[in-house]
Amino acid sequence: MKDSAPELWSQSAPRDGGVHARIIAWGREHALLLRESFEHVTRNLVASLLAWTLIGIALSLPLGLYLIQTGLQLITGPWSTSPGVTLYLQAGIADERLTALHALLEEDVRIESAIHVPPDAALNQFSDLIGLESLVEDLTSNPLPDAFDLVPVTSLPASDMERLIEELASIEEVRDVVSEGLWLNRVLALSELVKRLSLILAALFGVGALLITASSVRLVIESRLAELQVMSLVGATPRFMRRPFIYFGIMYGLGGGFIATMLISVGILMLREPALEFLGSYGVEVPAPGFDAPLVMLILVAAALIGAVGAQGACRRRLKSLEM
Amino acid sequence: MYSTLATLWTRCLQATNEMFGLGVQLTEVTKMFAGRSRGALQGVSHSFEPGTITFVTGHSGAGKTTLLRLIMNQFPPTYGQVIVGDVNLATLNARQLPRFRQQLGVVFQEHHLLSARTVLDNVMLPLRVSGRSRALMESRALNALAIMGLDDKGDVFPEQLSTGEQQRVGIARALVNRPRLLLADEPTGNLDPEMSKSVMRLFREFREIGTTVIVASHDLALIEAFGAPFIELREGELVGHTRS
Ligand SMILES: Nc1ncnc2c1ncn2[C@@H]1O[C@H](COP(=O)(O)OP(=O)(O)OP(=O)(O)O)[C@@H](O)[C@H]1O
Ligand SMILES: [Mg+2]
């Protein structure tokens with residue numbers, strides 16, 4: 001043993017540099033923590049996998065619903081305006097009655113526009129549609145009644161839409177009401193429902209994922225209490241002591257986010273075929289809902305954030321109760 | 001040897017301001033632990049002057065460790081006040097406490113080494129918490145280890161060391177950040193007499209650069225051999241002190 005204390009600091013010890021050196025020291029510190037947390041996670045692989053899976057499941061549920069909802073929006077997207085309703089009247093209605101009816105329809109706040117389609121125009125449309133002009137020309141009289149093409153206001157909820165159709169059907173002169181896409185309205189309503197549901201679930205399961213990371217991090221903290229006590233006694237700031245655990249939280253979150261994307265990918269693979277078939281039966285061509293790179297990034301970032309916040313919470317609670 | 005030390009000493013004194021060492025003032029300090037009718041410390045008043053070395057002695061359970069823990073603000077006194085430097089420890093908030101502790105060097109009775117980290121990492125810890133550069137940390141820590149005769153032990157883990165070696169690592173860690181106040185709790189408890197004397201000489205050199213040194217020890221022979229001032233505790237009460 002050498003007898004010299006002052007030598008300890010005077011002996012050509014490198015100076016502690018300026019801001020630059022501090023930044024490098026800071027970067028090194030974080031790189032070290034990142035490596036350590038990674039090592040910790042891989043050393044306790046089973047426990048980590050468990051946490052990842054739990055977090056992954058918690059994240060994949062709202063995520064799946066979100067994707068279903070975007071899928072529904074893709075279906076309903078092409079109909080930017082709400083689907084029309086056609087009102088077929090009885091044959092031989094008097095002109096003044098038609099005008100009155102037209103006025104009545106236009107006054108209704110639920111109806112955006114009402115266009116009168118006279119039988120001749122309808123017949124022309126019809127012959128254009130089926131391409132049998134000769135057949136139509138052979139008709140001695142026009143079999144078609146007067147009709148109104150209605151466009152309901154876009155914001156009309158599905159339930160009001162159904163009520164409107166019922167009301168229209170009950171008008172004396174109306175023989176038939178044909179709604180082009182009542183089902184579409186239902187899909188729209190369903191899409192809204194799924195959207196809100198996924199928001200609620202995202203909140204609930206997000207909190208769940210938060211609690212899972214918090215408790216996982218809490219376990220790590222417990223296993224290191226002695227170390228933390230020593231660190232505190234040599235002057236470590238609470239922030240310094242929290243740092244490694246924040247990294248653990250981020251690791252747990254990222255792992256969970258990764259598992260969630262895997263689960264979702266498998267889910268999409270399994271559900272895609274039947275979903276397309278089902279939609280095909282409605283004559284709808286739909287691109288598969290996008291599970292693209294930006295979304296995956298977003299999931300991972302959100303998961304890491306949840307992990308960091310959960311860890312932060314666990315640290316604040318546990319470290320505060322430590323008697324230092 | 002002594003002439004070089006003397007020049008180093010004057011250099012260091014010039015480099016540091018005159019108030020480098022932190023004085024400690026205990027006023028009527030009583031520390032009660034839960035479930036005990038008698039305080040671990042009972043109305044202890046004493047002033048440790050800046051830049052001096054003082055031993056705290058007494059039988060096992062006399063309150064030596066408790067005294068040091070109060071000074072590092074591990075817990076507050078039940079009654080009385082502790083002033084370190086010009087800071088009344090009762091006024092330290094959570095943000096100020098780490099800064100306060102970064103000025104101390106502490107040798108713990110139970111070593112308190114981090115078992116998952118290498119000896120070098122352990123010694124660097126006080127520098128790491130204050131965000132020093134890697135080069136500075138390593139050079140200082142290696143120096144401190146060399147001074148403690150542990151040049152070749154930097155890469156091993158504490159469990160692979162003898163108890164005495166662990167104690168020396170603990171001492172190296174306490175020295176590494178050039179403390180203004182050095183608290184050493186039985187620093188020679190596991191060391192042979194020769195090593196003990198070396199450690200004591202080392203502590204005296206600290207005093208020479210202005211550090212205030214407080215050493216808890218029940219090794220009366222060692223204290224007397226050094227002729228350093230000491231205070232004696234008995235069942236938590238201050239029963240005597242010498243001045244030199
Ligand atoms: N955390 C604690 N809780 C309860 N009692 C304590 C606590 N720490 C110390 N004591 C008691 O306070 C008294 C003084 O203890 P302290 O550790 O200060 O003694 P010491 O002088 O350091 O003894 P030793 O030489 O054995 O280290 C003892 O009676 C001990 O039992
Ligand atoms: Mg003790």
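A polar side-chain atom of Lys64(B) sits 2.8 Å from an oxygen atom of ligand 1. On its own, ligand 1 has 630 Å² of accessible area, and the protein covers 68% of that. Accessible areas here follow the Shrake-Rupley method with a 1.4 Å probe; for residues, only the protein chains shown count as cover.

This is a predicted model: local features need pLDDT of at least 70, side-chain atom pairs count only at pLDDT 80 or more, and totals for chains, interfaces and linings use all residues. Residues are numbered from 1 along each chain as its sequence is written, chains are lettered from A and ligands numbered from 1 in the order in which they are written, and side-chain values use heavy atoms, with hydrogens and water left out.

**Ligand 1**

- The shell runs through His59(B), Ser60(B), Gly61(B), Ala62(B), Gly63(B), Lys64(B), Thr65(B) and Thr66(B), and includes Phe33(B), Arg36(B), Ala40(B) and Gln109(B). A residue belongs here if one of its heavy atoms lies within 4 Å of the ligand.
- Three of the shell residues are nonpolar, seven polar and two charged. Ala, Val, Leu, Ile, Met, Phe, Trp, Tyr, Cys and Pro count as nonpolar, Asp, Glu, Lys and Arg as charged, and the others, Gly among them, as polar.
- A polar backbone atom of Gly61(B) is 2.8 Å from an oxygen atom of ligand 1.
- For Arg36(B), an N or O atom of the side chain is 3.2 Å from a ligand oxygen atom.

**Sheet in chain B**

- Four strands form an open sheet in the order β2-β1-β4-β5 (chain B), with antiparallel pairing. Strands are DSSP runs (E, at least two residues), as are helices (H or I, at least four), numbered from the N terminus. Two strands pair if DSSP finds at least two bridges between them.
- The edges are β2 (41-48) and β5 (87-88) of chain B, each pairing on one side only.
- Strands β1 (residues 24-31) and β4 (residues 79-84) of chain B are joined by five bridges and run antiparallel.
- Thr30(B) stands opposite Tyr79(B) in β4(B).

**Asn122(B)**

- Asn122(B) lies in helix α4 (residues 119-128) of chain B.
- Its relative accessible area is 0%, so Asn122(B) is buried (under 20%; exposed is over 50%, partly exposed in between; 1.4 Å probe, protein chains only).
- Beyond neighbours within four places in sequence, Asn122(B) has contacts (heavy atoms within 4.5 Å) that include Leu113(B), Pro158(B) and Arg173(B).

**Chain A**

- Chain A has eleven helices and four strands.
- Of its 324 residues, 43% count as buried.

Key:
A polar contact is a pair of N or O atoms within 3.5 Å; within protein, one must be able to donate a hydrogen and the other to accept it, and residues adjacent in sequence count only if both atoms are side-chain atoms.
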